[in-house]
Amino acid sequence: DKMAWLVRLAAPLRTAVRPILASTARGFRTTSVASLKLQPEANVEGKRIKYFQIYRWDPEASSKPYVATYPIDMADCGPMVLDALLKIKNEQDTTLTFRRSCREGICGSCAMNIDGVNTLACLARIDPKTPKCQIYPLPHMYVVKDLVPDMTNFYAQYKTIEPWLQVEDEASTKNKAVEADGTVKENLQNKKDREVLDGMYECILCACCSTSCPSYWWNSEAYLGPAVLMQAYRWIADSRDESKAKRIEFLDDSMKLYRCHTIMNCTKTCPKGLNPGLAIARIKQVVFSHNMS
Amino acid sequence: AGVTWETLLVTRWMSGGRRPLSGLQKQVLSLYRQCLRAAREKPEEAREQMRQVAKAEFRKHQGLARSDVARIEYLIRRGKKQLDRVLDPNVYSLSVSAIPKGAPPPPSSPES
């Protein structure tokens, strides 16, 4: 098949007048009838079974974690990994423990490592082409039970960056919309300044990025991690915030920010498509220009 | 005084008088001491109950092997979190209820 394509390529270009769609129809990705079949193909008693290998650990019961395998009939299960987990918990093993809430990728509860990638279980589609799926908790996090990580350190680090609007003088009416009687109604911000926050405010603090960063694995106590750093920059870049210098000086030490070595696992793994790596680069720029001035 | 002789006894018993305590054992003892000290800060009526709860919790797991580091660390983390909750100045008493083992009760049908 491929050979035929290569031969065609070497042939004289009589195909110049062919419409584009036809020429790509015989490209490397042949849409043959075979790949349109439902997968995995019926392998057990006529059913399409996929095997979910899930990390299990009950600290109350035993000291050693293990991997439990659960078969799921693909015809009888929703498309997302969370659907499979709930099906296993409902029908096969009620003791399977995991966090979940919104089932639509906005709460960040179901963050876990699925087939080696940190994502949200409710957004990760079950791959129909492979026979098994490996589900592990977020890497290098203390495990409370089964797939539930201990997020205490992560939240404590988030608290240290003071993720709220800080103004010098709350009573000041500069850049504020004021009511008729003088009370301040809202902080004004123009469109251009608001656009700076796009791509950062959408962070749901699922910890997929921080937990995918090798630098964060080796320095969880001191390095803040991409999630927290992106939020730190979200507040530095906010035009309404007045404590920019203080925030920058807080980050300017050898561990909190500068353990980032632009590995960029964070951006690759973000289930919301955000770019923490870029935000960190911007922080470094801002810190530099602050130190220069 | 209640804190001192208790922990001294545990120290002697755990180390067998010969081997020095491992770092993990020191952490466990330190946590135990903190729990007992936390009981001192609370109102008079609650103190004995808190001490009993702490002792029971620690005694429950005293059979763990020295090598079972994962489980010991997990219990220490859990203990620290529980202690932080108790240390809140608004907490004035502590009690424990037993969860009955076995099948959960059937869900009651909704009235109204």
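Reader: What is the bridge partner of N113(A) in strand 5 of chain A?

Author: Y136(A). The model is predicted. N113(A) and Y136(A) are bridge partners there.

Reader: What makes strand 3 and strand 5 of chain A a pair?

Author: Pairing needs at least two bridges. Strand 3 (residues 111-114) and strand 5 of chain A have two bridges, so they pair. The sense is antiparallel.

Reader: Why is strand 1 of chain A also called a partner of strand 5?

Author: Four bridges join strand 1 (residues 49-56) of chain A to strand 5. The rule asks for at least two, so these strands pair. They run parallel. In this region F52(A) stands opposite C133(A) of strand 5.

Reader: Which residues make up the covered face of strand 5 of chain A, and which the uncovered one?

Author: C133(A) and I135(A) form the covered face. K132(A), Q134(A) and Y136(A) form the uncovered one. In a regular strand the side chains alternate between the two faces of the sheet.

Reader: Why is the link between E60(A) and R78(B) called a salt bridge?

Author: The cut-off is 4 Å between a side-chain nitrogen of Lys or Arg and a carboxyl oxygen of Asp or Glu. The closest N and O atoms of E60(A) and R78(B) are 2.6 Å apart, so the pair qualifies. Across the interface of chain A and chain B the rule finds two salt bridges.

Reader: What is the area buried between chain A and chain B?

Author: About 810 Å², with carbon and sulfur atoms giving 50%. E60(A), S63(A) and Y142(A) supply 46% of what chain A buries against chain B, more than any other three residues.

How values were computed: Residues numbered from 1 in each chain as written. Chains lettered and ligands numbered in written order. Predicted model: local features only at pLDDT ≥ 70, side-chain atom pairs only at ≥ 80, totals over all residues. Heavy atoms only, no water. Buried area = accessible area lost by both parts, 1.4 Å probe. Buried < 20%, exposed > 50% of the residue type's maximum accessible area, 1.4 Å probe, protein only.
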